[in-house]
Amino acid sequence: MNKIINRYIFREIALPFVIILFVLTFVLLMGKILQIMDLMINKGIRVLDIAHLIALIMPNFLLFTIPIALLVSILIAMGRLSADNEITVLKASGVSLLQLFYPAAVASLLAFACAMVIGYFLVPQSNFATKRLLFELASQNAGIGIKEKVFNADFKGLLLYADTIPADGASMENVIISDSRVLGEQNTILAKKAFLVADPKLMIVKLRLENGSIHTVGKDLKNYRKVDFKSYDINLDLSSTMSSFTDEAKSSTEMTLSELLERMKKPDLAQAAMRELAIEVHKKFSIPLSCIFFGLLAMPLGITHHRSVKSRGFAVGLIIVAVYYLLRIGGEALVENGRMDPALGVWAPNMLFALLGVFLFYLAHREISVSQALIALFQGGKPRG
């Protein structure tokens with residue numbers, strides 16, 4: 001009998017979980033759709049490359065949406081069972097709340113395992129692979145937007161004009177560049193020929209100029225300098241996230257746990273960098289474990305006598321998620337400013353929600369309302385079920 005009940009409750013949780021997970025992930029993806037469409041239409045990126053890019057950013061979305069989908073699905077499942085009086089019938093048949101929690105606990109453990117694998121393995125690798133893919137696409141398509149006899153300002157600090165571009169697009173002829181990257185110094189570069197070069201080792205895209213000269217005028221307009229060159233390279237700033245992609249240049253979100261711990265052992269590491277790495281180390285475990293705490297909290301909150309089950313489940317779930325992530329963001333901000341220990345700042349929301357979940361579960365198990373518990377607390381007595 002218990003197996004039938006467990007399977008029944010698990011199915012009630014699983015179906016909303018899959019639907020909510022799909023909807024939330026799709027909504028997050030829609031936030032990136034304009035950038036993706038720009039890559040496809042204006043930058044000439046192939047559909048297969050776009051699909052590859054979407055697949056790489058999905059782990060970040062799933063790490064965020066799995067705990068939320070679990071929370072809301074348990075709220076909806078328990079709310080429906082309660083509103084249809086199925087919880088009352090099961091309790092009258094001798095099924096305790098602990099037995100009812102078993103399928104929700106299994107769902108929470110499965111969600112925790114998925115989030116752990118995604119956060120520990122997939123997210124760091126996908127973040128770094130995304131940057132590599134964006135660099136490859138940028139290096140292959142950087143010249144697409146450059147048209148002959150048109151001033152191009154796609155590269156930060158550079159204004160580029162090419163008089164002639166051959167049909168193959170491999171090079172540019174009679175190039176004029178206005179270089180304002182150095183503050184207070186304006187350089188004008190003239191070159192007979194130019195072409196784009198991608199450095200696969202450092203992952204930097206360069207504009208290589210041949211047979212030209214650099215003309216510099218001082219700020220007071222009294223000094224003039226000219227330098228002739230046969231070959232001259234300009235590093236192109238394609239994006240702030242594409243400047244360097246060596247292993248040493250990995251950001252904290254692109255490192256595995258072992259890489260984070262290894263980086264933290266460096267003696268000359270700045271305190272701000274140490275705190276950033278410590279946050280990521282704790283987040284490797286705190287975010288997946290939020291699935292367990294959300295499952296524990298959702299069970300007693302989902303048991304209700306309201307008929308508006310789905311709308312109430314969504315509303316309560318959104319409030320809980322909003323409070324949780326506000327606390328998490330606030331804690332991480334305090335850690336980054338050096339005002340709080342990394343472990344406390346990252347784990348405080350989890351611990352708070354775990355204590356709240358245990359408290360509410362105890363009240364639901366003893367069939368004590370929150371109001372009765374609060375009254376007894378203020379009167380110094382013991383609440384009665």
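Entry: I started with Tyr-161, which counts as buried at 17% relative accessibility. For my own use: buried means under 20% relative accessible area, exposed over 50%, and partly exposed in between, with a 1.4 Å probe and protein chains only. Phe-151, at 58%, counts as exposed. The rings of Phe-151 and Tyr-161 form a tilted aromatic pair, 5.0 Å centre to centre with 40 degrees between the planes. The pair links distant parts of the chain, with Phe-151 in the loop between α5 (97–141) and β1 (158–164) and Tyr-161 in strand β1, 10 residues apart. I take helices (H or I, at least four residues) and strands (E, at least two) as DSSP runs, numbered from the N terminus.

**Entry: ground rules.** I noted that this is a predicted model, where local features need pLDDT of at least 70 and side-chain atom pairs count only at pLDDT 80 or more, while totals for chains, interfaces and linings use all residues. Residues are numbered from 1 along each chain as its sequence is written, and side-chain values use heavy atoms, with hydrogens and water left out.

Entry: How many aromatic pairs does the structure hold? I find 10 aromatic pairs. Rings of Phe, Tyr and Trp (its six-membered ring) pair if their centres lie within 6.5 Å; planes under 30 degrees apart are stacked, over 60 edge-to-face, and the rest tilted. I looked up Phe-64 with Tyr-325: the ring centres are 4.9 Å apart and the planes stand at 45 degrees, so this pair is tilted. Phe-64 sits in helix α3 (residues 47–83) and Tyr-325 in helix α8, 261 residues apart, and the pair links distant parts of the chain. Phe-64 is partly exposed at 34% relative accessibility, whereas Tyr-325 is buried at 11%. Both belong to one aromatic cluster, made of Phe-64, Phe-294, Tyr-324, Tyr-325 and Phe-353.

**Entry: α3 against α7.** Next I checked how α3 packs on helix α7 (residues 271–302): the angle is about 15 degrees and the axes are 8 Å apart. Axes here are lines fitted to C-alpha atoms, for helices over the stretch in contact, and angles run from 0 to 180 degrees between N-to-C directions. α3 and α7 are therefore roughly parallel to each other. The cut-offs I use are under 35 degrees for roughly parallel, over 145 for roughly antiparallel, 65 to 115 for roughly perpendicular, and oblique for the rest. α3 passes α7 in a right-handed crossing; the near helix is turned from the far one by less than a right angle, clockwise for right-handed and anticlockwise for left-handed. Contact means heavy atoms within 4.5 Å. Among the α3 residues that meet α7 are Leu-63, Leu-70 and Met-78, and the α7 side includes Ile-287, Phe-294 and Gly-302.

**Entry: α6 against α7.** Which way does helix α6 run relative to α7, roughly parallel or roughly antiparallel? α6 (residues 257–264) packs on α7 at about 155 degrees, with the axes 10 Å apart. That makes α6 roughly antiparallel to α7. The crossing of α6 over α7 is left-handed. Including Leu-257, Leu-261 and Met-264, α6 makes the contact with α7 residues, among them Met-274, Val-281 and Phe-285.

**Entry: salt bridges.** A salt bridge, for me, is a side-chain nitrogen of Lys or Arg within 4 Å of a carboxyl oxygen of Asp or Glu. By this rule I get 9 salt bridges. Arg-80 and Asp-84 form one of them, with the closest N and O atoms 2.6 Å apart. Asp-84 is partly exposed at 39%, and Arg-80 is partly exposed too, at 25%. A network of salt bridges links Arg-80 and Asp-84 with Glu-12 and Glu-86. I also looked up Lys-226 and Asp-228, which meet at 3.8 Å, N to O. Lys-226 is partly exposed at 48%, while Asp-228 is exposed at 57%.

Entry: Arg-328 and Glu-332 form a salt bridge at 3.3 Å, N to O. Arg-328 and Glu-332 are 4 residues apart in helix α8 (residues 309–336), about one helical turn. Arg-328 is buried at 12%, and Glu-332 is buried at 12%. Lys-283 lies in helix α7 and is buried at 17%. Leaving out residues up to four places away in sequence, Lys-283 touches Pro-288, Arg-328, Glu-332 and Val-346.
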